[in-house]
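Please go through the structure below.

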Amino acid sequence: MKFLAPLAMAVAITSLSAPAFAQFQKPEDAVKYRKAAFTVMASHFGRVGAMVNGRVPFDPKVAADSAAIVETMSKLPWEGFGPGTDKGDIRALPAIWTEQAKFKEGADKLQVETAKLSAAAKTGNLDAVKTAFGAVGQTCKACHDAYRKD
Ligand code: ASC
């Protein structure tokens, strides 16, 4: 059995260091994945937004649960923007692939701001949630303006 350990280690290291994009069988799967992540993110961001805007009563537990989901989702779409995913039924603009550093800056900023939203929601303080919600919304919008059709 001992001789198998190095092999298992090599396999583990290879799969860890493989580019994230390799997780998708084809580009369309990556597009579907990133859209799904954005859809779930928007749904839960919207639930927080309904409370921030007073459309539904503030429920700190519901807000914190949704904000945590937004934070998690904000980490996911980016690996779905790999090679060959710039075509098909998409709203993503070509600039994403010609300005990859700038696009990544936006993606990173979203993750920072959604973490702040999640932390604010955990405090149960609606004013803190409102502030953090606004910052996340601006981050969403900045990227949409630059990198999304319509
Ligand atoms: C949302 C949502 C977005 C952002 C964006 C903020 O609720 O679905 O894409 O907020 O509209 O400007």
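The whole structure holds zero disulfides. This is a predicted model. Two cysteines show how the count comes out. A disulfide needs two cysteine sulfur atoms within 2.5 Å. For C140, the closest cysteine sulfur is in C143, at 8.7 Å, so the gap is too far for a bond.

C143 has a relative accessible area of 16%. The cut-off for buried is under 20%, so C143 counts as buried.

## Overall build

The chain has six helices and zero strands. Along the sequence the pattern reads α-α-α-α-α-α. There are 150 residues in the chain, and 33% of them count as buried.

The accessible surface of the chain is about 9200 Å². Carbon and sulfur atoms account for 64% of that surface. Now take the contacts between residues at least 6 apart in sequence. Of these, 74% join residues at least 24 apart.

## Helices α2 and α3

Helix α2 spans residues 27–52, and helix α3 spans residues 60–73. Their axes lie 8 Å apart. The packing angle is about 150°. Angles over 145 degrees count as roughly antiparallel, and α2 and α3 are therefore roughly antiparallel to each other. The crossing of α2 past α3 is left-handed.

Which residues make the contact? On the α2 side they are A37, V40, M41, H44, F45, R47, V48 and M51. On the α3 side they are V62, A63, S66, A67, I69, V70 and M73.

## E113 in helix α5

Where does E113 sit? E113 belongs to helix α5, which covers residues 100–123. Is this residue buried or exposed? E113 has a relative accessible area of 9%. That value falls under the 20% cut-off, so E113 is buried.

Leaving aside residues up to four places away in sequence, E113 touches A135, V136 and T139.

Conventions
Residues numbered from 1 in each chain as written. Predicted model: local features only at pLDDT ≥ 70, side-chain atom pairs only at ≥ 80, totals over all residues. Heavy atoms only, no water. Helix = DSSP H or I, 4+ residues; strand = E, 2+ residues; numbered from the N terminus. Buried < 20%, exposed > 50% of the residue type's maximum accessible area, 1.4 Å probe, protein only. Contact = heavy atoms within 4.5 Å. Areas by Shrake-Rupley, 256 points an atom, 1.4 Å probe, with all protein chains shown as cover. Axes fitted to C-alpha atoms, helices over the stretch in contact; angles between N-to-C directions. Parallel < 35°, antiparallel > 145°, perpendicular 65-115°, else oblique. Left-handed = near helix turned anticlockwise from the far one by under 90°.
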